[in-house]
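Have the model open in your viewer and let's walk through it together.

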Amino acid sequence: MGASMEEKVLYLEDDEEEEEEDWALRVRQEVIEFILQRHGLLSTNDIAHVLDWKVKEVTRVLRNLENSGRVK
């Protein structure tokens, strides 16, 4: 009848993979921006702990937000 979930695989072309990464980065930025707006000044370690992310990932997202002028 229908294909099982294991058989349904989505293959992304290079451009689509970049779009997927951009989308994921935008979501991460929005999540961190929301947390900062809602809860004020938090350390990178606090944000990483709350989201269960690596500090390195939080640092990268914060740097992107700072470079875009969305956070200080």
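The protein chain exposes about 6300 Å², and carbon and sulfur atoms supply 49% of that area. Accessible areas here come from the Shrake-Rupley method with a 1.4 Å probe, and for residues only the protein chains shown count as cover. Keep in mind that this is a predicted model, where local features need pLDDT of at least 70, side-chain atom pairs count only at pLDDT 80 or more, and totals for chains, interfaces and linings use all residues. Residues are numbered from 1 along each chain as its sequence is written, and side-chain values use heavy atoms, with hydrogens and water left out.

Of the 72 residues in the protein chain, 21% are buried. Buried means under 20% relative accessible area, exposed means over 50%, and partly exposed is in between (1.4 Å probe, protein chains only). As for the fold, you'll find 3 helices and 0 strands, running α-α-α from the N terminus. Helices (H or I, at least four residues) and strands (E, at least two) are DSSP runs, numbered from the N terminus. Among contacts with a separation of 6 or more, 48% join residues 24 or more positions apart; contact means heavy atoms within 4.5 Å.

Now for the inside. The largest nonpolar core has 10 residues: Leu 25, Ile 32, Leu 36, Ile 47, Ala 48, Val 58, Val 61, Leu 62, Leu 65 and Val 71. A nonpolar core is a set of buried Ala, Val, Leu, Ile, Met, Phe, Trp, Tyr and Cys residues joined through side-chain atoms within 4.5 Å. In soluble globular proteins, nonpolar side chains tend to be buried together.

Next, look at how H2 and H3 meet. Their axes are 9 Å apart and the packing angle is about 115 degrees; axes are lines fitted to C-alpha atoms, for helices over the stretch in contact, and angles run from 0 to 180 degrees between N-to-C directions. From H2, Thr 44, Asn 45, Ile 47 and Ala 48 meet Val 55, Val 58, Thr 59 and Leu 62 of H3. The residues of this contact split into 5 nonpolar, 3 polar and no charged. Here Ala, Val, Leu, Ile, Met, Phe, Trp, Tyr, Cys and Pro count as nonpolar, Asp, Glu, Lys and Arg as charged, and the others, Gly among them, as polar.

Beyond its neighbours within four places in sequence, Leu 65 contacts Gln 29, Ile 32, Glu 33, Arg 70 and Val 71. Gln 29 sits in helix H1 and counts as buried because its relative accessibility is 10%. Glu 33 is in helix H1 too, and its relative accessible area of 14% makes it buried. Glu 33 and Arg 70 are 37 residues apart in sequence, and 7.9 Å apart in space from C-alpha to C-alpha.

Finally, which residue has a positive phi although it is not a glycine? That's Asp 52, with a phi of about 60 degrees. Most residues other than glycine have a negative phi. Asp 52 lies in the loop between H2 and H3 and counts as exposed because its relative accessibility is 71%.
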